[in-house]
Structure formats: C-alpha cells, structure tokens
Amino acid sequence: MDYKEMYQAWLDNPYFDEATKDELRAIADDDAEIKDRFYADLEFGTAGLRGVIGAGTNRMNMYTVRKATQGLANYIVKNNGQSKGVAIAFDSRRMSPEFADEAACCLAANGVKAYVFESLRPTPELSYAVRELGCISGINITASHNPPEYNGYKVYWEDGAQITPPHDKGIMDEVKAVTDYATVKTMSVDEAKARGLYEKIGQAIDDKYIEALKKNVLHPEAIEQTAKDLKIVYTPLHGTGNLPVRRVLKELGFENVFVVPEQELPDGEFPTVSYPNPEAAEAFELALKLAKEKDADLVLATDPDADRLGVYVKDGQTGEYHCLTGNMSGSLLCDYEIGQKKAVDGSLPADGEMIKTIVTTNMVDAIAKYYGVKVTECLTGFKWIGKEILRMETSGKGQYLFGFEESYGCLIGTHARDKDGIVASMALCEAAAFYKAQGKTLWDAMLDMYDKYGYYKDNVIAITHKGIEGLAKIKSIMDTLRANPPKNFGDYKVLVTRDYQEDVICDLATGEKKPTGIPKSNVLYYEMEDDAWLAVRPSGTEPKIKLYYGVVGSDGADAEKKSEELGEQVKALLDSLG
C-alpha cells in the first residue's frame with residue numbers, strides 16, 4: 001500500500017476518530033505533506049519512538065503510541081512479566097499526559113498494570129521508579145531537548161535502564177509485528193482503575209527519590225559553612241526539573257537559589273527558546289542575565305526531561321561566566337566525586353570502576369589513573385552505562401564509582417540507571433560549596449584540574465547530509481574510511497584504529513589485531529600521537545555524520561589552537577571523501 005492509499009485508508013477506517021480525519025482532510029491538496037506523514041511507519045528503534053506530533057503513520061499520535069505499547073505488552077507477556085507492571089512518566093510537552101494514558105490503557109487491556117505519575121516528572125525519577133516498584137518495564141513520554149513540535153516514547157527494562165540487547169530487538173520485533181491498528185487493545189482509564197490495572201503514583205516516589213539523591217552528599221559540612229553565601233541561578237527550561245532541583249537544594253540547606261522566572265513553569269511550547277537544549281548558548285541567555293544581577297557563583301540549566309545538565313561558572317578574577325562543556329562538567333564531577341569519596345572513606349574500592357562512552361574525553365582516563373581506578377568504555381548512549389552497572393551487580397565484580405557521556409549526562413550513585421540532571425545539579429552545588437570553603441570557585445577547580453591532568457580540549461562537529469542522497473553520502477564516507485584507514489589526520493600520526501562495526505582494534509605499527517570487547521556499532525575510532533583522538537559515526541537520530549575529537553595542549557591556548565587545527569583538517573578530509 002503506497003502513501004496515498006494509506007492516507008485514504010485512515011480516512012475510510014471507522015477506527016480512527018473524527019478529529020484525526022479532520023486533520024487529514026485539511027491536507028488533502030498537499031501531496032508532499034501526505035507523503036511525509038504516510039510514506040513509512042514512525043520507526044520504533046532502540047530508544048523507542050520520536051517524531052513530530054500529528055495524524056499519520058509517520059507521526060506521534062495516540063494510534064502510534066498504542067501500537068508501540070501493544071508490541072511492548074506482547075513482549076512483556078511472552079516474558080511472563082505482566083504481574084510486575086510498568087511505570088509511566090511524562091514531561092511538559094504537547095500531548096504528553098494524553099500519550100501516557102494511552103499507553104497505560106493499552107497495557108491494562110493486555111492485563112499489565114500501569115503505575116502512572118500524577119503529573120510531569122524527570123526521566124531519572126522514572127528510571128528510579130521502575131526499580132523501586134519492581135516493575136518489568138518503564139515508559140517515559142518525552143522528546144528530551146527536541147523542538148516543541150516533537151514528542152517521544154522511551155522504553156526501559158526492569159534494571160531501570162533504557163532497553164539494550166536482547167530486549168531492544170525483542171520489543172522492536174513485536175512492535176513491527178503489529179500491522180493492523182484496529183487489533184490494538186485498549187480500555188478506558190475508569191475501567192482500568194476498576195480492574196486494579198491503573199494506579200496513580202507521585203509523592204511517595206518523590207520522597208524516596210530525593211532521599212536517594214541526598215545519600216550521595218559527601219561534604220554536608222561544606223554546604224553548611226557556605227550555603228548562606230553561595231548563589232545559584234537555575235533554569236528548568238520550561239521542563240520537569242523545577243520542583244525536584246529546588247527541593248533537593250533547599251533540603252540540603254542552599255539558601256540562595258534563584259530560578260529564572262520566565263522559564264520556571266512547564267510549557268510545551270518552550271516560548272523563550274527555539275531549542276530547549278542546555279548545550280545551546282541561547283538556552284542560557286535569560287539565566288546569565290539573572291546571574292549577573294545576582295552575582296551568582298554558578299548557573300545551571302536542565303533540559304525538559306531533566307536528565308542532562310548545562311553549566312556556566314563564574315571566574316572569580318574577571319567576573320566572566322565560562323561555559324563548561326559536557327566533557328568539562330563531567331570531568332569536574334568525576335574528579336570531585338572520586339577524589340572526595342577517597343578522602344571521606346580513606347580509600348577507594350579495589351575494584352572500583354569509572355564508566356565512560358567511547359566518544360567521551362580522555363581527561364577522565366587521566367583522573368582514573370591518578371586514583372588507581374579502572375576505566376570501562378561503552379557505546380554512545382547512557383543505556384550502555386546502565387548495562388555496565390547491571391553487569392557489576394549481577395557478576396559481583398566491580399563497584400560503580402561514576403559514569404558520564406560527553407553529551408551533558410552523568411550519574412552519581414546507582415539509584416537510577418539513566419543520566420540524572422537532578423543529582424548532577426545537587427553534586428555541582430555541593431562541589432561549589434566545597435571549593436568556596438577553600439576560597440575557590442568551580443572555575444578555579446577546573447583550572448587546577450588542567451594543571452594536574454593536562455590541558456585536554458574536546459570537540460564535536462556534526463555535518464548534515466539530508467535526504468536519500470545524504471544517507472548515501474554518509475555511507476560512502478564510512479565505507480571509504482573503513483576500507484582505507486588514514487595514516488594521519490593533519491599533523492597527528494594514527495597509531496591504533498578501532499572499528500566497532502567489525503569488532504577489531506588494530507595496532508598500525510605491529511599489525512596486531514584484537515576484538516573491541518563491546519557490542520557492534522558503526523563507529524570508527526583513531527588513537528593518535530600525543531593522546532589525540534578522533535571518532536566518526538553517523539547520528540542515530542538525525543541525517544548527520546558526527547566527528548568527535550580531542551587533543552592535549554601545553555596550556556589552554558595551545559590546546560585551543562590544536563583543537564581548531566585538527567577540526568579543520570578532519571572536516572577537509574571528509575569533504576574530499578563526500
């Protein structure tokens with residue numbers, strides 16, 4: 001059935017409601033729009049669903065949400081997990097509460113109990129709730145930091161992490177097997193409640209979650225000493241972080257927390273930003289304005305589902321606010337958490353591990369080496385860090401100390417199995433208090449780290465190639481690099497190549513080869529002289545090829561210069577291949 005036939009089928013089928021049909025009738029003369037909505041099904045991938053809200057098979061709507069949930073329910077039943085139930089959370093986006101109830105009602109119709117949060121909650125609390133309630137799975141209705149026209153559907157498994165093998169493939173196969181929307185089971189919320197298959201959750205989980213976060217505080221005395229003087233500006237970017245961030249900071253004793261008023265309340269339109277992403281400078285414009293008015297020590301922003309944290313810190317010498325990239329803030333927290341845990345406990349576990357993704361800064365390797373901690377690498381995506389925590393728990397070997405990825409996400413503690421912007425906010429404020437008690441700012445601490453471990457500079461470049469031709473170009477670039485590995489990038493000689501798709505690490509000097517030891521993925525990684533590195537991978541969610549790279553300089557200016565030069569040389573090489 002082609003897209004026009006599928007469009008007409010939705011109009012003719014009594015299963016679809018009149019509001020949906022009215023929306024579709026309004027585009028009757030727009031062939032391009034009809035094609036975009038119906039040329040394919042919205043793909044259920046390893047992270048679930050994400051797409052533009054609207055009517056059609058290639059859109060986020062109650063029918064595609066039900067279809068995905070029916071597939072999940074079928075998988076749960078096949079694994080005899082229906083008695084454990086599923087926790088469901090949602091964020092501030094358009095249709096998020098409605099999609100949460102659609103998922104819950106489909107689960108209930110399949111005999112699977114749904115525990116639905118009474119109002120919006122952050123992603124990490126959903127991860128916590130799955131484990132706290134002993135659920136088989138979790139669903140979070142969110143599109144993270146995407147523009148307002150998007151929404152999404154993330155699936156978690158019973159360990160609290162987003163789905164990984166074998167569950168990801170198993171669930172995807174079940175979703176694909178649902179081909180007729182009319183066969184999807186559902187019932188009303190009232191009927192689900194009457195059958196004991198729909199339960200609202202809220203404050204009790206909130207209280208336990210906040211207490212779990214507070215257990216990770218290492219220096220309460222530093223907070224007590226400086227809480228009256230430390231000034232914090234925070235913005236939830238119209239999302240879910242407002243209440244939990246303010247609550248945990250207040251309960252720990254921080255007195256001067258200023259929330260950006262224009263961005264405080266939940267709003268799925270994100271009226272003050274075009275792109276609610278804490279990686280974007282635009283997201284901090286209002287927060288930095290408030291910070292200058294209040295003379296704040298640090299500025300924090302969580303994305304709409306509050307799993308990621310962006311940070312600016314004040315330079316005590318100049319008064320300037322410096323942006324910390326995800327690699328910088330992650331390294332700062334890594335050093336603080338591991339170093340101060342050692343100071344408080346007297347030693348670190350002999351089998352302690354720091355987990356990072358393969359495209360995360362090498363500065364953490366230097367930190368781990370200093371403290372005698374093992375570094376374990378995993379694929380991009382925090383679910384793989386969650387899988388490593390599960391591996392430690394089930395094997396009894398290894399103790400999790402810290403984990404993070406370059407894209408502004410980390411996890412302190414094991415209360416959740418996804419990145420947690422709430423606990424990261426708490427920990428950074430604690431670190432700011434600790435350093436303030438020593439007469440230092442967080443920027444001073446960052447500079448101390450550079451002096452101690454080296455001037456690491458990391459960057460990422462995303463090159464867009466749209467359409468079918470773009471996908472072919474991205475594939476051609478990866479195929480060419482794979483078939484003819486470069487011997488150098490600019491001034492840097494390649495020493496070792498890692499091909500994660502082929503599962504091989506090759507030492508170019510000796511020719512020795514060994515497996516990567518992690519699941520296959522279309523990523524090429526180059527270890528170079530002077531601790532420089534480059535990773536190349538197609539984006540999993542956008543028509544882009546992404547270049548991650550890092551260098552080490554003799555000082556900040558040297559590192560900046562080397563990073564700019566390497567970035568230009570790599571882009572030039574890829575342009576020649578494309």
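The lining of the largest cavity in this predicted model receives its greatest contribution from helix α13, which supplies four residues; a cavity is here a set of points on a 1 Å grid over the protein atoms alone where a 1.4 Å probe fits but cannot get out, and lining residues have an atom within 4 Å of a point. Helices (H or I, at least four residues) and strands (E, at least two) are DSSP runs numbered from the N terminus. About 80 Å³ of space lies in this cavity, the volume being the space filled by probe spheres set on the points. Of its 15 lining residues, those closest to the centre are L309, S329, Y408, G409 and C410. The elements giving two or more residues to the lining are α13 (326-345), β14 (399-405), β15 (409-411) and α16.

Helix α16 (residues 421-436) also meets helix α11 (residues 242-252), their axes coming within 9 Å and crossing at roughly 35 degrees, where axes are lines fitted to C-alpha atoms over the stretch in contact and angles run from 0 to 180 degrees between N-to-C directions. The contact (heavy atoms within 4.5 Å) involves P244, V245, V248, L249 and L252 of α11 together with I422, S425, M426 and C429 of α16.

L120 is placed in the loop between β3 (114-117) and α6 (123-132). Leaving aside neighbours within four places in sequence, L120 contacts F90, D91, S92, G239, T240 and P266.

Residues are numbered from 1 along each chain as its sequence is written. Local features need pLDDT of at least 70 and side-chain atom pairs count only at pLDDT 80 or more, whereas totals for chains, interfaces and linings use all residues, and side-chain values use heavy atoms, with hydrogens and water left out.

Definitions and conventions: On a 1 Å grid over the protein atoms alone, a cavity is a set of points where a 1.4 Å probe fits but cannot get out, and a pocket is an open set with protein on both sides within 12 Å along at least five of seven lines; lining residues have an atom within 4 Å of a point.
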